[in-house]
Every structure is written in structure tokens, then in C-alpha cells.
Amino acid sequence: MKIPIDLKKGDVTENVPKEVIVGIDLGTTNSLIAYIENDVPVTVKSIEGKNKLTPSILHFTESGDIIVGNKAKDFMISHPERTIFSVKRLMGKSYADVSQLNTSIGYEIIDEENATLVKIKIGNKFYTPVELSSEILKSLKKDAEKHLNTIISKAVITVPAYFNDAQRQATRDAGKLAGLDVLRIVNEPTAASLAYGIGLDRTLQSNVAVYDLGGGTFDISILHIEDGIFEVLSTHGDTFLGGDDFDRAIINYWAEKLNISVDRLKKETNLNQELRLKAEEAKKVLSSKSEFTSEISGKTVSLTKDKFEDLISPFVEKTLKSCAQALHDSGLKGSEIDKIILVGGSTRIPLIKQKLETFFGLVPDDSLDPDEVVALGAAIQADILAGNRKDILLLDVTPLSLGIETVGGLMDTIIPRNSKVPQRAGRQYTTSVDGQKNLRITVFQGERDLVEHNRKLGEFILKDIPPMAAGFPKIEVHFILDADGILTVKAKELRSEKETSVEIKSTYGISEEEMALMLIESIKNAEVDMKKRALLEAVNEANNVILAAEKFLTQNQEILSKTEYDQVVLLNNALKSSVQSGNKDEIEMAMKVLNDYSSPLAHRALDVNIQKALKGVKM
Ligand code: ADP
Ligand code: MG
């Protein structure tokens with residue numbers, strides 16, 4: 001029995017059952033859901049009961065039903081156009097990103113004129129990868145709800161360390177669509193480390209290599225863990241390398257032995273499927289035995305462990321090259337790695353463990369199931385967020401971008417959303433007016449291009465900048481975000497060493513809901529914002545050019561003929577009126593015409609050795 005005691009007051013606290021927050025490994029090949037039971041993370045068996053893994057496969061029936069998991073897998077060969085796999089590869093991707101994929105999959109990826117993100121056509125309907133992933137998540141959620149006999153509404157979902165912002169956002173959206181409040185998106189290697197208990201003791205620090213070899217992807221990440229903060233020092237890999245390649249190598253080997261041509265394999269889908277299943281079976285058997293023998297279409301096939309290792313060795317070598325690269329990028333020496341963690345079903349292969357041991361000079365830790373380790377770690381992270389492990393503070397990313405306002409009301413992001421904390425970043429700015437003495441620095445939080453749509457966190461003024469020409473001062477703005485989410489902003493004029501700073505509480509007073517709303521708004525308005533931003537940028541640039549042209553005219557009157565002088569005035573006036581028009585293309589055209597005409601003049605001016613006069617003039 002457990003009696004919860006409030007350590008501050010000494011009271012016995014009321015024993016209210018805590019809401020379950022699940023951890024989800026949304027994989028390319030397989031997905032899993034886990035939760036904490038009696039302080040230990042456990043994974044949930046899928047309803048089909050076969051095992052804990054839910055193949056990340058969806059089948060759309062003619063009648064419009066969606067089947068997820070093992071049952072959907074059966075349709076991969078018979079109904080490839082209605083059976084979707086590897087959706088994770090499409091998350092947050094544009095058509096251009098995935099064009100190389102189209103040849104290797106049975107279903108159709110659609111490129112809409114304006115939409116930058118891909119869609120998938122099934123029958124006569126279109127689905128986004130977010131919607132498809134949400135179906136996998138719904139299925140996992142249902143399994144867990146049935147198992148726990150409770151409604152689940154909160155989750156932590158993992159993503160590869162190399163996922164960019166769009167891919168992370170897409171994953172978050174998929175969760176939302178599945179009816180889950182996604183409390184945190186966690187890096188897979190971070191989750192795997194947590195499952196091994198790394199980082200739970202804040203007084204210890206370590207460097208961990210997480211080697212993840214799944215069905216179709218490989219990645220290696222080097223993490224530095226200190227004070228409860230997981231820092232991804234480097235990550236490397238191959239998004240088209242995995243267990244599927246090993247299966248294919250076996251198929252080709254057997255096909256050759258059985259005199260089956262490539263054409264026949266393509267045509268006879270049943271034979272192909274039979275070979276594929278047998279190949280995977282052989283591969284798995286050879287992880288614990290030295291020989292595999294079976295029958296395919298009445299003929300005996302066999303494979304020894306030695307031959308298998310020959311077949312896969314080029315792939316394994318490739319992963320080791322990635323390890324070397326990641327190690328190099330991390331700035332650590334091999335001897336500084338304290339632990340190697342194995343993730344993904346394919347790391348069960350003994351050859352891989354041996355090669356890693358030789359490479360790192362360290363025996364990889366395989367004490368946890370490599371299929372489950374990411375989901376288990378996600379469940380631990382969920383437990384921490386639920387407040388069940390008060391001793392641990394895992395503030396690993398900042399939920400919204402932080403930046404400052406620049407000319408024209410544009411948001412200039414300095415620390416992007418999802419950056420790990422603590423974090424420091426800086427950028428240089430300058431003045432836009434000659435002799436400008438003060439510079440107002442206004443700090444905002446949010447994803448929109450215009451600051452008016454973001455949340456203002458505070459402002460301060462950098463005072464007493466010594467008088468200089470516009471564009472001459474070098475003002476460095478530094479953002480320092482500490483592990484508790486406290487942002488300090490510093491501004492310094494480098495030529496005069498004038499410095500000012502202010503401390504801002506970045507997450508104070510903003511709820512998850514508000515945060516979600518801000519993100520949704522930013523997605524909805526992305527296109528409008530982009531256009532507005534493009535126009536504003538053109539206007540800003542045009543204004544600079546106009547000022548520069550005027551300066552140029554006053555400073556170089558003597559070297560210009562009257563025609564040239566008048567023409568520059570004329571073109572500059574045309575640019576001024578184009579700015580009034582609010583038409584980006586018109587502004588850019590006017591700018592180009594003025595630039596084209598005046599740049600030979602500027603060159604001449606340079607030749608006449610008045611370089612100094614031209615400083616800061618953009619032509
Ligand atoms: P993903 O992260 O891409 O979703 P998984 O981590 O679930 O993928 O790994 C799936 C891969 O692991 C498949 O290619 C599967 O054949 C392979 N695999 C599973 N068990 C074994 C085993 N015992 N030996 C070798 N490979 C295995
Ligand atoms: Mg995986």
C-alpha cells in the first residue's frame with residue numbers, strides 16, 4: 001500500500017487517482033503505447049492480441065472503414081493502392097521533399113497546386129499524413145483505453161532527433177486530431193535514455209550514443225545529459241536504411257538460388273509476399289540460431305548465419321560510417337561515450353552488436369527490449385509531466401519561438417520554437433536613421449510573421465548610442481533562456497560597448513490552450529503571413545534603396561552628368577510611388593530598374609576614389 005504524504009506539511013494527502021498520461025512511439029514500421037503501472041513503465045498489447053507492436057499500416061476498405069495494424073498488413077500485397085505504410089516519412093513534407101518516394105510505394109501521393117504539404121489519394125478521397133498518423137494514434141489510444149478501462153486524453157509522443165519543426169508540428173497535430181492533448185514531443189533517443197534511467201539522477205552526467213535501426217530508417221544520436229537536461233550533440237543517419245534492406249537482400253539471394261527472375265517476382269505477388277515473409281522469418285531466427293531452413297513453393301530454402309552476415313555487411317558498414325560522423329560532429333572522443341543504447345528491432349542482430357562493440361570499445365546495453373524502449377521512455381516522460389516524479393525537472397524545449405520586432409513590424413525569431421533549453425542565441429542589428437541615439441527592443445513570443453499577432457513579453461531601450469551614420473552601429477542582441485524558462489535579453493552596441501539587459505519570464509501566464517491556439521493560428525495564416533512578410537520586406541528594402549540613392553546623389557553630384565542625375569531622381573521617384581502602390585512585384589521591378597541604372601554610376605564613383613562616401617549605400 002502507498003500512503004502519499006505531503007512532505008512540506010506532513011499531512012497525509014488525499015488519495016485521488018491520477019489521470020493516466022500515455023507515452024507513444026509513433027514509428028515508421030511499428031508503433032507502441034505505454035504507461036506507468038506501479039511506478040514501472042509497461043507497454044500495452046494491441047487489441048488483436050498478437051503482440052505489443054502495432055504495425056504502422058492503414059488499410060482503407062471500399063466501404064470507407066479504416067483498418068490499422070496487423071490486419072492492415074495483410075492487404076499490403078493484395079490492395080497496395082488502398083494500403084498505406086511509412087506515413088511517418090511524409091510528415092511535414094512538401095511534394096518536392098518526397099518525390100523520390102513515389103516510385104517505391106503502391107499508393108498515390110498528390111501534389112496540389114498551392115498546398116506545399118503532400119496529400120495521399122485513396123479511392124477518390126485525399127488524406128494528409130497528419131490525418132493518417134492520427135488514425136494510428138486513435139487505434140493505439142483505443143487499445144490503451146480498453147486495457148486500462150479509462151478514457152485517455154493526454155500523451156507524450158516521440159519523434160526522431162532529426163525531425164525539423166514542420167515534422168514535429170505535424171506530429172503534434174496528428175495527436176490533437178486523435179483527441180489527444182500532446183503535452184510534449186520528445187526526441188526518440190532522449191526517451192530511450194530515460195527508459196534506461198539515464199538523466200533521472202540529476203547529480204550524474206553522461207554521454208550516451210543511441211543507435212536506432214528500425215525497419216526502414218537508421219539514426220545514431222550522441223547525447224550529453226547533465227542536470228536533467230538532454231542535449232542532442234549530434235545526429236546522423238540514413239532515412240532509407242533498415243531491416244527491410246536485409247529482407248530484400250535475402251529475397252534476392254533466394255530468388256537467384258531458385259532461378260526466379262526479377263520479372264516473375266514482380267508479377268507473382270503471392271510468391272513475392274511468401275518470400276518476403278520467409279526472409280523476415282529467417283532474419284529473425286538467425287538472430288538466435290546459426291542456420292535457417294524452410295520451404296518456398298515446395299522447394300527447400302536455407303540460409304546460414306555466416307551467409308546472412310555477408311549479405312547485410314555493406315549496410316552495417318554504412319551505419320558505422322554514420323556513427324563515426326556523429327561522433328566527430330559531437331566533438332567527443334570514442335572513449336568519452338559512457339553508454340551505447342540499442343533501439344529498433346534490427347539491433348537484435350548479433351553482428352550489429354559485435355560491430356558496435358568494436359567501434360566504440362564498449363559493450364552496447366541491450367537489457368531492455370529494443371522494440372519497446374522508446375515507448376517506455378515516453379511513458380516515463382509522461383509520468384514526469386504528470387507531476388509524479390517531483391524531483392525531476394525535464395524542461396527540454398521552449399514551446400514557442402522568441403524574437404524581437406524589426407522594421408515594419410516583422411517578427412525576427414532569435415530562439416526558434418522547440419529549441420532545447422538552456423539556450424543562448426544572438427544576432428546583430430543596426431540603426432535605420434543617421435545619428436539614432438536610442439534603440440527600442442521589443443521582445444515577442446509566437447510563430448506568426450508579424451509581431452502584432454504574437455505575444456509581447458516586454459521591451460527596453462538601448463540608450464545613448466553615440467551618433468553614427470545609419471547602418472554603422474553594430475548592435476548585438478542576445479537571448480539567454482535558462483532551464484526554468486526565464487529569458488534574459490541583452491543588447492550591446494559593440495563600437496561603444498553600451499549595454500542594457502532585462503529579464504523576462506517567457507512562459508508565465510500562458511496556458512497550454514493559449515499556446516495551442518497560437519500555433520493553430522500560425523498554421524492557418526501561414527500563407528497570408530508569408531505574403532505580408534514578403535511585401536513588408538520589399539518595402540523595407542525599397543526604403544533603404546531610396547535613402548541610399550538620395551545620399552548618393554548629394555555626395556556624387558560632381559561626377560554625374562545632368563542626364564544621369566535627373567534619371568536617378570526620376571527612377572527613385574518611380575520607386576517611391578511603387579512603395580505607395582503596395583504591390584510587391586511593382587516594388588521589386590522599380591528597385592531593379594533603379595539598381596541597374598545606378599550601379600555603373602556607383603562603380604564610377606568608386607573609381608573616383610570616394611569609397612568613403614559610399615559606405616553604407618546599398619547599390
Ligand atoms: P521502426 O522504428 O521503423 O518502426 P522497428 O524498431 O519496429 O521499426 O523495427 C522493425 C524492424 O526490426 C523490422 O525490419 C523487423 O524485421 C526487424 N526485427 C524485429 N525483430 C528482429 C530480430 N529478432 N532480428 C532481426 N531483425 C528483427
Ligand atoms: Mg523506431
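Colleague: At what angle do the axes of helix α15 and helix α16 cross?

Modeller: Helices (H or I, at least four residues) and strands (E, at least two) are DSSP runs, numbered from the N terminus. Axes are lines fitted to C-alpha atoms, for helices over the stretch in contact, and angles run from 0 to 180 degrees between N-to-C directions. The axes of α15 (residues 562-581) and α16 (residues 584-607) come within 9 Å, and their crossing angle is roughly 155°.

Colleague: Is α15 roughly parallel or roughly antiparallel to α16?

Modeller: Angles under 35 degrees count as roughly parallel, over 145 as roughly antiparallel, 65 to 115 as roughly perpendicular and the rest as oblique. With a crossing at roughly 155°, α15 is, relative to α16, roughly antiparallel.

Colleague: How many residues of the contact of α15 with α16 are nonpolar?

Modeller: Contact means heavy atoms within 4.5 Å. Those that take part include Leu571 and Leu575 of α15, and Leu594 and Tyr597 of α16. Ala, Val, Leu, Ile, Met, Phe, Trp, Tyr, Cys and Pro count as nonpolar, Asp, Glu, Lys and Arg as charged, and the others, Gly among them, as polar. Five residues of this contact are polar and three charged, while the nonpolar ones number 12.

Colleague: What kind of model is this?

Modeller: Residues are numbered from 1 along each chain as its sequence is written, chains are lettered from A and ligands numbered from 1 in the order in which they are written, and side-chain values use heavy atoms, with hydrogens and water left out. Local features need pLDDT of at least 70, side-chain atom pairs count only at pLDDT 80 or more, and totals for chains, interfaces and linings use all residues, the model being predicted.

Colleague: How do α6 and α12 lie to each other?

Modeller: The axes of α6 (residues 188-195) and α12 (residues 373-385) come within 7 Å. Among the residues that meet there are Ala191 and Ala195 in α6, and Gly377 and Ile380 in α12. The axes cross at roughly 80°, so α6 and α12 are roughly perpendicular.

Colleague: Which residues make up the covered face of β9?

Modeller: β9 (residues 119-122) pairs in the antiparallel sense with β8 (residues 108-110) over three bridges, and isoleucine 109 stands opposite isoleucine 120. Lys119 and Lys121 form the uncovered face of β9, and the covered face is Ile120 and Ile122.

Colleague: Which glycine in the turn between β9 and β10 has a positive phi?

Modeller: β9 also pairs in the antiparallel sense with β10 (residues 125-127) over three bridges, with lysine 125 as the bridge partner of isoleucine 122. The two strands form a hairpin with two residues between them, and the residue with a positive phi of about 60° in the turn is glycine 123.

Colleague: What is the relative accessible area of asparagine 149?

Modeller: Asparagine 149 lies in the loop between α4 and β11 (154-159). Its phi is positive, about 55°, although it is not a glycine. Buried means under 20% relative accessible area, exposed over 50%, partly exposed in between (1.4 Å probe, protein chains only). Asparagine 149 is exposed because its value is 70%.

Colleague: Is glutamate 145 buried or exposed?

Modeller: Glutamate 145 is found in α4 (residues 129-148). Leaving aside its neighbours within four places in sequence, glutamate 145 is in contact with Thr150, Ile151 and Ile152. At a relative accessibility of 16%, glutamate 145 is buried.

Colleague: How far apart are the C-alpha atoms of glutamine 167 and methionine 91?

Modeller: Glutamine 167 lies in α5 (residues 165-177) and is buried, at 6% relative accessibility. Beyond its neighbours within four places in sequence, the contacts of glutamine 167 are Met91, Gly92, Lys93 and Tyr162. Glutamine 167 and methionine 91 are 76 residues apart along the chain, and their C-alpha atoms are separated by 5.4 Å.

Key
Two strands pair if DSSP finds at least two bridges between them.
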